[in-house]
Amino acid sequence: MRDARKLIDAIEKWMSQIISASGAGGAVVGLSGGIDSAVAAALLKGALGTERVITVYMPCHSIPLDGEHARLTAEALGVKMLTVDLSETFDVYRRTIDPVMEPSTLAAANIKPRLRMITAYSIAQTLGYLVCGTGNKDELTVGYFTKYGDGGSDFMPLADLTKAEVRAIAREVGVPPPVVEKPPSAGLWEGQTDEQEMGLSYEVLDAYVSGQPVDEKSRREIERRRRISEHKRKMPPICVIGAV
Ligand SMILES: Nc1ncnc2c1ncn2[C@@H]1O[C@H](COP(=O)(O)OP(=O)(O)OC[C@H]2O[C@@H]([n+]3cccc(C(=O)O)c3)[C@H](O)[C@@H]2O)[C@@H](O)[C@H]1O
Ligand SMILES: Nc1ncnc2c1ncn2[C@@H]1O[C@H](COP(=O)(O)OP(=O)(O)OP(=O)(O)O)[C@@H](O)[C@H]1O
Ligand SMILES: [Mg+2]
């Protein structure tokens, strides 16, 4: 594992370059009460200072503990936090779409991160900020994110980090221990955990993305997920007339 302090310095330098090259005034990040967004918020604060960073907690039928952890994180880091409750919006949306075509269980769950994306972009454009994505290397490799939901962002500072590196940075920058220690979850349904849904542990994913050997069954599953999610890591294919 790489040295946490060096990773922090490199990412903060990169982020200040990204923001200044874009001409944006700052950055907005969704704060879920989980570790990835806590680390992204901490690094944004290090890169830009508290005045140019805004976090937003967006419950969507979320468990109360998420809100407590988001608040705890914002207080520990000293960053501003807005709350936009999307629960009612979600319900209205379901009442609108269900009579036309009721979403499958997964499609319905994916509405939540997509409503958050809309909200983050609304805040970002109003303030002249960019939207910070929080995907790490493990999630990006296997496509464990919602396309145009949490995957919709302007820059991704954690994209080259393993989950163990995210945890090491979290401890270094003062993310509260309950946030660092709880099992990672997308929070899309009750009891969901990343490792259970994927059937893969972060330890194995970390090893794979670091080029270390993993057991055959896990390797096959990681590579299957990587293959079927290729489209998520690219812009949509475009039709060039004459090239067909
Ligand atoms: N070959 C292809 N070429 C181009 N596009 C393709 C495609 N195959 C599917 N698609 C499109 O992609 C869609 C499916 O992708 P998507 O909508 O993302 O849906 P999908 O990958 O099925 O679901 C998202 C997954 O990410 C997890 N997640 C979501 C949000 C946050 C987190 C977290 O870690 O916190 C995890 C969630 O639990 C779930 O397992 C299809 O409906 C289709 O529109
Ligand atoms: N309730 C929420 N409020 C605001 N943003 C959210 C919420 N849920 C998810 N997000 C956004 O979506 C991102 C992806 O979710 P993900 O669960 O992978 O990260 P995390 O919750 O920060 O970390 P982890 O679950 O691994 O502890 C979050 O980092 C955050 O930016
Ligand atoms: Mg989470």
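UniProt positions are given here in the numbering of this chain, and its annotations may be inferred rather than shown by experiment. The structure described is a predicted model. In an unreviewed entry, UniProt places the feature "binding site" at Asp36 and Glu139. These positions span 104 residues in sequence, yet no two of their C-alpha atoms are more than 10.9 Å apart, so they gather at one spot.

The annotated positions were then examined in turn. Asp36 lies in helix α2. A residue counts as buried if 20 or more other C-beta atoms lie within 10 Å of its own; Asp36 has 22 such atoms within 10 Å and is therefore buried. When neighbours within four places in sequence are left aside, the contacts of Asp36 are Thr134, Asn136, Leu158 and Val166.

Glu139 is part of helix α6. With 24 other C-beta atoms within 10 Å, Glu139 is buried because it reaches the cut-off of 20 or more. Residues up to four places away in sequence not being counted, Glu139 touches Tyr144 and Phe145.

Val166, one of the contacts of Asp36, is also among the buried residues of helix α7, which covers residues 163-173. The buried residues of α7 pack against several helices, namely α1 (4-22), α2 (35-48), α6 (137-142), α8 (177-181) and α10 (202-209). Just after α7, Gly174 adopts a positive phi of about 85 degrees.

Conventions
Residues are numbered from 1 along each chain as its sequence is written. Chains are lettered from A and ligands numbered from 1 in the order in which they are written. This is a predicted model: local features need pLDDT of at least 70, side-chain atom pairs count only at pLDDT 80 or more; totals for chains, interfaces and linings use all residues. A residue is buried if 20 or more other C-beta atoms lie within 10 Å of its own, exposed if 12 or fewer, and partly exposed in between; C-beta atoms are placed from the backbone. Helices (H or I, at least four residues) and strands (E, at least two) are DSSP runs, numbered from the N terminus. Two residues are in contact if their C-beta atoms, placed from the backbone, lie within 7 Å.
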